[in-house]
Amino acid sequence: MNIHEHQAKEIFRKYGVPTPRGFVAFKPENAVKAAQQLGGDLDVWVVKAQIHAGGRGKAGGVKLARSTEEVGLIAKQMLGSKLVTHQTGPEGKVVHRIYIEEGVNIEKEFYLGMVLDRSLEMPVMMASSEGGVEIEEVAARSPEKIIKVAINPTIGFQGFHGRKLAFGLGLPRELVNKFISFAQAIYNVYMDYDANLIEINPLVLTKEGKFIALDAKMSFDDNALYRQPEILAMRDLTEEEPTEIEAAKYGLSYVKLDGNVGCMVNGAGLAMATMDIIKHEGGRPANFLDVGGGASAETVAKGFEIILRDPNVKSIFVNIFGGIVRCDRVANGIIEATKATQVNVPVVVRLDGTNAEEAAEILNNSGIKQLIAATDLKDGARKAVEAAERGLA
């Protein structure tokens, strides 16, 4: 789960992480009032679109205002507009809220982030002197400029972790302890809130010699939200894909993608393998959908319904392993679901496991034109990709 920048900064401030003063606004008149309340020595305000995506600055979602009147004009233009960044895709995201922030006297920009390294099984803190630049660009262009420290949770963040990062950034001696204190607080936030990502880009050093989180991005482990009611209360459903929200209500794990081959699979590992082999066969997966180990006619029907809401889907690949559930029952469920949801695209079905032969016979004798039986995973992926290209004709 993701939260907005202004929400992440609220959390930061609780841990003593310095951030610019700011107010969230949902209407232009509120934005003007926020700027007036902030005041500021620099007579500069920053108007920031609040969406769950990076690249806002390049897309026009972060703008400077030199007067409170200009704040109002920018707010009027930004609120309700659609912001398209490299992370939103061409459909973009509608801006429902903005954040009005005081200007900051910037001396130098850095990057600071924290993420879980699954290969090391430890959280890793990263820093770079290339602040304000997307970290992916830095990694591709100058990987040596990214300093990383793995932090064993059994000992937590220590001074030597902070010193390695500070020295790697080339900070002068008088700033090292300030940076270590800042990094220590970020580690505490990460661990206390079950975060799986914290990103501050840029982390700025002001002309007054202070480190300030000028931006803030946080995402959290969905499996830990039951013990994070404060975070769960920050959830903004308008920023999430509606079909993903509905799928979760039915116990389906669904993620929308931009391909044309819909996928319905039981088991996350098998779902990933299915997506990989569709790509291998020259196709593009339209989604990740795990219907769970005990797939039933009801869950299969709901899966079809959700997949078919995507107009880009030209075929569906059903790849079910009958372990907990028998394949013949799944086959009957697929037939019922196909009729109930008026499926109008080719459906390639590969069933393996208990009673797989009986299931194949049921599908072949169904008389439903959309159903195409597959013998194995490769055969199913190939047929699904071909079907997506030619349709039912």
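Visitor: Which residues does valine 104 touch, not counting residues up to four places away in sequence?
Guide: Valine 104 touches Pro20, Leu42, Val204, Thr206, Ile212 and Leu214 on that count. Contact means heavy atoms within 4.5 Å. This is a predicted model: local features need pLDDT of at least 70, side-chain atom pairs count only at pLDDT 80 or more, and totals for chains, interfaces and linings use all residues. Residues are numbered from 1 along each chain as its sequence is written, and side-chain values use heavy atoms, leaving out hydrogens and water.

Visitor: Where is valine 104 found?
Guide: In the loop between strand E6 (98–102) and strand E7 (106–117). Strands (E, at least two residues) and helices (H or I, at least four) are DSSP runs, numbered from the N terminus.

Visitor: Okay, lysine 48. Is lysine 48 buried or exposed?
Guide: Lysine 48 counts as buried because its relative accessibility is 5%. Buried means under 20% relative accessible area, exposed over 50%, partly exposed in between (1.4 Å probe, protein chains only). Lysine 48 sits in strand E2. Beyond four places in sequence, its contacts include Glu5, Arg56 and Glu101.

Visitor: New topic. How many residues has the largest nonpolar core?
Guide: The largest one has 44 residues. Such a core is a set of buried Ala, Val, Leu, Ile, Met, Phe, Trp, Tyr and Cys residues joined through side-chain atoms within 4.5 Å. Helix H6 (residues 173–192) gives the largest share, 11 residues.

Visitor: And which residues have the most contacts inside it?
Guide: Phe12, Met125, Phe179, Ile198 and Met218. Apart from this core lies another, of 33 residues, among them Val300 and Ala331.
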